[in-house]
Amino acid sequence: MAINLLDYDSKGLVEFCTEIGEKPFRARQLLRWIHQAGKTDFADMSDLAKSLREKLATKAIIELPAIISDYEAADGTRKWLLSVGSGNGIETVFIPETTRGTLCISSQVGCALACAFCSTGMQGFNRNLTVAEIIGQLWIANNALEVSEGDNRGIRAHKAVTNVVMMGMGEPLANFENVVTALELMLDDYAYGLSRRRVTVSTSGLVPAIDRLRERCPVALAVSLHAPNDALRDQLVPINKKYPIKELLAACQRYLPDAPRDFITFEYVMLDGVNDSIEHAKELAKLTKDTPCKFNLIPFNTFSGISFKRSKSESIRIFRDVLMQAGYVVTVRKTRGDDIAAACGQLAGQVKDKTRRTAPTVRICQ
Ligand code: SAH
Ligand code: SF4
C-alpha cells in the first residue's frame with residue numbers, strides 16, 4: 001500500500017524525507033503544500049525540483065476520505081458525510097458563529113464505550129480512524145469553506161475554521177496515538193496553526209489517557225460527566241465503573257496546570273427525569289467545587305430506538321440557575337443545523353443506504 005503523507009505530522013514527514021534520501025527541511029515544504037495550500041498532487045508543488053516531485057509521486061500519495069454528501073443548513077451549519085471504506089461513513093460538522101468557526105471532528109467509526117444515551121455507542125465499535133481520516137476532516141472543511149467564500153488565493157489564511165472540537169463520533173482518547181498525531185498537525189504553524197486553547201478533546205473519562213494527553217499534547221479538555229454520583233454515572237457512562245468520578249476529577253485536577261485554559265469543561269446531557277432534578281444540580285455543584293470548571297448543558301437529542309427524553313426547557317433553566325447560583329459559569333448548548341439533522345444527537349455512520357433523504361445526524365458540540 002502506498003504511503004499516505006496525510007498520515008504524518010512534522011516528525012513523521014522528517015523521517016519519511018530522510019528515508020527517501022531528502023533533506024529534513026523538505027518536510028516543512030510538504031506540510032505547507034498539503035495542509036496550507038491544500039494540494040494533493042505533487043506536480044503542483046512548484047518550489048520542489050521536478051525530479052523530487054517525480055520521486056515523491058512514485059513513493060507516496062496524499063489521499064483524503066471521499067465526500068459522499070455535503071449539506072448546508074439555513075443557519076450556515078455545514079455537514080459532510082465522508083466515506084472511510086467498507087460502507088462506513090463518518091460525519092464532520094462546521095458551526096459558524098460571529099467570532100469563530102468550529103469544526104466538530106470524528107475519531108472512530110462507532111464507539112466501544114456504550115453510553116446509554118448515545119447512538120454511536122449503540123452501534124458498537126467498528127474501528128479507529130487513521131491520522132489521514134482525522135486530519136482529512138479539517139483539510140476538507142478548510143478547503144470547501146474557503147472555496148465557497150470565493151477565496152482562491154492558494155495559501156489559506158485559516159479564516160474559516162478557527163476552533164476544532166473532537167466531539168464527533170467515537171472516543172478520541174481510545175484512539176490515542178492517531179488523535180495525538182492529528183492534534184500535532186492542527187497546532188503546527190506549517191500546517192493549521194491553531195492555538196491549543198482552540199482545540200478541544202472531549203472524553204467520557206479514560207483516566208490514564210487524560211494523563212497521557214497532558215504529557216503529550218495538552219489541549220483544552222472537555223469531560224462528559226452527565227451525572228453527579230457514581231450510581232447514576234455507572235448507568236449512563238459505563239466506563240465510570242472502571243474509572244469512577246473521584247478518580248476522574250483527580251485526573252482533571254492533574255491536567256489543569258498543563259492545560260491551555262484554566263478550567264475543565266464538564267458536559268452534561270439533560271435527560272428528562274433521569275439526571276435533571278434540582279437535587280442533581282445541587283449534588284453536582286458540591287461534587288465539582290474543588291475543580292476549576294465550566295458546565296455545558298446539552299439538551300438530549302433523540303434518535304430511533306431510544307427511550308430517554310430531552311429535559312423540559314424549564315428543568316434545564318432551573319438546573320442552570322442552581323449551578324450559576326453556586327458560582328459556576330454555565331452554557332446551554334444550542335441546537336444548530338436542525339434542518340440538515342446536524343444537531344447534537346445521533347450519528348448514523350452508515351453510507352449503505354444511498355436512498356436516504358434525511359442526512360444522518362452527528363453529535364456536535366460548540
Ligand atoms: N466520546 C467523547 C466525544 C464524543 S461525544 C465523549 O463522550 O465525550 C460528544 C458529546 O455529545 C459528549 O458529551 C456526549 O456525551 C454527547 N452526546 C452523546 N449522545 C448525545 C445525545 N443523544 N444527545 C446529546 N448529547 C449527546
Ligand atoms: Fe462513545 Fe462518547 Fe458516545 Fe459515550 S458518548 S458511547 S464515549 S461517543
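**Notes on aromatic pairs, a ligand shell and a sheet**

1. There are six aromatic pairs in the structure, a pair being rings of Phe, Tyr and Trp (its six-membered ring) with centres within 6.5 Å; planes under 30 degrees apart are stacked, over 60 edge-to-face and the rest tilted. Tyr8 and Phe16 are tilted because their planes stand at 35°, with ring centres 6.3 Å apart. Phe266, Phe295 and Tyr328 make up one aromatic cluster.

2. A word on the basis: this is a predicted model, in which local features need pLDDT of at least 70 and side-chain atom pairs count only at pLDDT 80 or more, while totals for chains, interfaces and linings use all residues. Side-chain values use heavy atoms, without hydrogens and water, residues are numbered from 1 along each chain as its sequence is written, and chains are lettered from A and ligands numbered from 1 in the order in which they are written.

3. Two lysines are worth a look. The charged end of Lys79 sits over the ring of Tyr71, 5.1 Å from its centre, and Lys294 lies over the face of Phe263 at 4.1 Å from the ring centre. The criterion is NZ of Lys or CZ of Arg within 6 Å of the ring centre and within 35 degrees of the ring normal.

4. Around ligand 2 there are ten residues, the closest being Cys111, Cys115, Cys118, Gly121 and Ser204 (a heavy atom within 4 Å counts as near).

5. Strands S9 (residues 163-166) and S10 (residues 199-203) run parallel, joined by three bridges; strands pair if DSSP finds at least two bridges between them, and a strand is a DSSP run (E, at least two residues) numbered from the N terminus. Met166 has Val201 as its bridge partner in S10.

Methods: Helices (H or I, at least four residues) and strands (E, at least two) are DSSP runs, numbered from the N terminus.
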